[in-house]
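Welcome, and thanks for taking a look at this one with us. Below is a short briefing to read alongside the sequence and the 3D view.

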Amino acid sequence: MSNAQLEIQLIASIVAIACAIPGTFLVLRKMAMISDAISHSILPGIVIGFFITQDLNSPLLILLAALTGIITVVLVEYIQKTGLVKEDTAIGLVFPTLFSIGVILIAKNANDVHLDVDAVLLGELAFAPFDRMIISGADVGPKSLWIIGSILLITIALLFAFFKELKVSTFDAGLAASLGFSPAVIHYGLMTVSSITTVGAFDAVGAILVVALMIAPPATAYLLTTDLKKMLLYSVCFGVFSAISGYWLAHGLDASISGSITTMLGIIFLLVYLFAPNKGVIAVLYREKQQRTEVLLLTFLLHLKNHTDERERHVNHLNEHINWQKVRSKTVLDLALKNNMIKFNKNIVSLTEKGDAFTSQAIDYIITNEDAQIEDMKDDFFLFRG
Amino acid sequence: MKENKQTVNRTTKVMIDNKNKTTPIAVKVDDLTVAYNYKPVLWDIDLEIPEGVLMAIVGPNGAGKSTLIKSILGILKPIAGSVSIYGKPYDKQRKLVAYVPQKGSVDWDFPTTALDVVMMGTYGNLGWIKRPGQKQKKEALEALEKVGMLPFKNRQISQLSGGQQQRIFLARALVQNASIYFMDEPFQGVDATTEIAIINILKALRKAGKTVIVVHHDLQTVPEYFDWVTFLNVKKIATGPVKDIFNDDYLTKTYGINYKVSIHK
C-alpha cells in the first residue's frame, strides 16, 4: 500500500467519524434532510469565500461557508414558522435557491479548475494527497487531513463537554428548557458543527457523500441498539468500515472513491435492515408470526377452560367449534402439547395444571388491561415458542 | 433544601383561609398574556398559588392550560406580563421547580433506558458540562423505587406501557427534589392502577409541604384528588379551594354549557 493510498483511507475514515457524530443527533432529531440542505446551500458561501481568500482551504472560507449553512437553517425555520408551508417544503425551497446562486457565481466568475460543480457534488478523494500542508519547509501531510482532523477534534471535545445537554434537549426539549439548557443554543450549536463538518469534509468527499456519511451510519446503528452511546459508537464504526472498504471497492473497480463508499454505506444499511436481531425486517416478520400463533394458542386454551362439556373438547370436533382450518388447528395443538399445556384422554383434550395456570394468569392480565405483561409471562411458561 | 427555606422567608406572605394562617405564595402570575401567531391563547391572567396546595387546572380544550404551565416555566415567551416563583423570576428559581410534560411530547423510540430518563432530572442541579455520577444514579434509583419502577430500570423506554412511561416521567420530576411540581396531564392514557399510584405520590408530595400543580381533564375526580382548583378558559375564571369554588356555577362559566354536576357529594 502506497503512502497516498494510506492517506486517502485515513482522510476518508476521519471524515466518516466527523460526520457520524453530528449525524447521530440529526437522525434522532428527525432532521436528516437538513444535512442535505446544508451540504448544498454552503456552495455560495464557498464560492464567495474563494473569491475573497483565493484559497479553498482557508479557515475564513470554511467559516463563511458554515455561516451559509446556518443561514439555511434559519431561513427554513422562518419559512416554516409562517405556517404557510411544511418543513420539508421549506427545505426544498431554500437549498436549491442558495445552491443555484452558487452555481451561477461559479459559471460567471470562476475559471479555476478546482472549483467546478462536479468537484463540489462528488469531491475527489484521489486528489486529496496532492495538496500538501507545508510548515516552515517541511511536508506534514495532506491539507485536507489537517482540516478535517482539526474539525474532528473540536467535534469530539464538544461532544464530551455537552453530551448530557445534547441528549436531554434531543429527547425532551421542554424539559431541557425548564432545566435551563436553552434548546435554541444547543440546536444552533449542533447546526454550526454540522455546517463546519460539511464544509471541511465536502472538499474531500463531495456534497452527496457528506450527506450519506452523516445519515446512513446513524440510521444503521439505530436499528441495532437502544443506547445512545452505543449508537454513536456503532455509527463511527460503520462510517469507518464503509470508508475503508469503499476505498478498496473503488480500487478494484477503478471507479469513484466517494461513489464506492456511498455504495458500501447503502449495502451495510440494507444488510442490517434485513437481519438486525430485534428491529430487522426478518426478525419483525418472524416475531409477528410467532405472536399470531401464540394468540391462537391462548384462544384455544381459553376455549378449553371455558368448556367443560366433552363434546366441545373432542379432538375431532375442535375444527367445527373454533372454526379453524385443519393445518392451523394442528399447529396450535402441537405447540400446546410441546409446552405441556394440554393432555389427551381418549381423544378428549383438557388443560394440564400448567396450561390452566397460564390461562388463568393471561385472563387476569387481559381483564386488567395489562396485555403487555403477557409477553413477559411467556418466558416463564414456554419451552418452545410459536 | 436550605436555599429553599431562605427564599420562603423573604417572600411576601398572604392570608388564606379564615384561620389567620399566613402561607407564602409559591407561584405568582401577573397580567400574563400569551399569543400564538398573534392570537391570544391566554388573556391577562392573574394568579396566585399558595404554597402547599395540590391544585388542578381545569378548562375545555384550547383553554390554554398547557400554555399557562409552559409560560410559567419559561418554555414559551409571553407577549405581556410576568411570573415569579417565591417572589423571584423563574430563571433564578429553576432548582425549586420540576416539570412533567405531556407524555406525547417526546419520542419514546429514543435510544435510552428508564434509568437514564430519570437521571435527566438531575441535570438541572448539575448545570452545564458537569456530568452525572454515582450520587445522581443513586437518587434516580430511589425515585424509580418510589414510583414502583425499579424492576424496569434497564428497559428501553419504548418497551414500557403508557402507564409505566408516565411513572418514569414522574420519577424524573421527583429526582429533581423541587418545591413546586408542574404536571401536564399526568393521568392521560394511564390505567386505573397507575392513576391511583400517581395520585398517592402527589398527595405525599403535598403532605411534605410541596406545591403541586396539575393540568387535569377528568372533572369527576377533582374533589377527590385536589384541594385547590383553577378554572381557565383563555381568561382565568376562578381560583381557590375546591370546597369553596368547585360548583356548577364556575363549571358553567368555564365550559360554556349548562353544567349540572352532582359530582361533589
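## Where the chains and domains meet

Chain A and chain B bury about 2,800 Å² between them, and 62% of that area is on carbon and sulfur atoms. Please keep in mind that this is a predicted model.

**Between chain A and chain B**

- The contact brings together 32 residues of chain A and 33 residues of chain B.
- Three salt bridges are counted between chain A and chain B.
- A salt bridge joins the side chains of D172(A) and R172(B), with 2.8 Å from N to O.

**Inside chain A: two domains**

- Chain A splits into domain 1 (3-278) and domain 2 (282-381).
- Taken over C-alpha atoms, the centres of domain 1 and domain 2 of chain A are 53 Å apart.
- Five residues from domain 1 of chain A and four residues from domain 2 of chain A make up the contact.
- About 300 Å² is buried between domain 1 and domain 2 of chain A, with carbon and sulfur atoms giving 45% of it.
- On the domain 1 side, L274(A), F275(A) and N278(A) supply 79% of the area buried against domain 2 of chain A, more than any other three residues.
- The salt bridge count between domain 1 and domain 2 of chain A is zero.

**The largest pocket**

- The largest pocket holds about 1,600 Å³ of space.
- Its lining has 49 residues, and those closest to the centre are A173(A), P183(A), A184(A), I75(B) and L76(B).
- Elements giving two or more residues to this lining include α6 (143-171) and α8 (183-205) of chain A, as well as α2 (65-72) and β5 (80-85) of chain B.
- With five residues, α3(A) gives the most to the lining of the largest pocket.
- By class, the lining of the largest pocket has 25 nonpolar, 13 polar and 11 charged residues.

**The second largest pocket**

- About 760 Å³ of space lies in the second largest pocket.
- Of the 24 residues lining the second largest pocket, N278(A), R287(A), Q156(B), S158(B) and Q159(B) lie nearest its centre.
- The elements that give two or more residues to this lining are α12 (281-306) and α16 (372-381) of chain A, and α16(A) has the largest share, with four residues.
- The lining of the second largest pocket divides into seven nonpolar, 10 polar and seven charged residues.
- Domain 1 and domain 2 of chain A each give at least three residues to the lining of the second largest pocket.

Technical notes: Residues numbered from 1 in each chain as written. Chains lettered and ligands numbered in written order. Predicted model: local features only at pLDDT ≥ 70, side-chain atom pairs only at ≥ 80, totals over all residues. Heavy atoms only, no water. 1 Å grid on protein atoms, 1.4 Å probe; cavity = no way out; pocket = protein on both sides within 12 Å on 5 of 7 lines; lining within 4 Å. Points joined across faces, edges and corners; volume = space filled by probe spheres on them. Nonpolar A, V, L, I, M, F, W, Y, C, P; charged D, E, K, R; others polar. Domains from an automatic or database assignment. Contact = heavy atoms within 4.5 Å. Buried area = accessible area lost by both parts, 1.4 Å probe. Salt bridge = Lys/Arg side-chain N within 4 Å of Asp/Glu carboxyl O.
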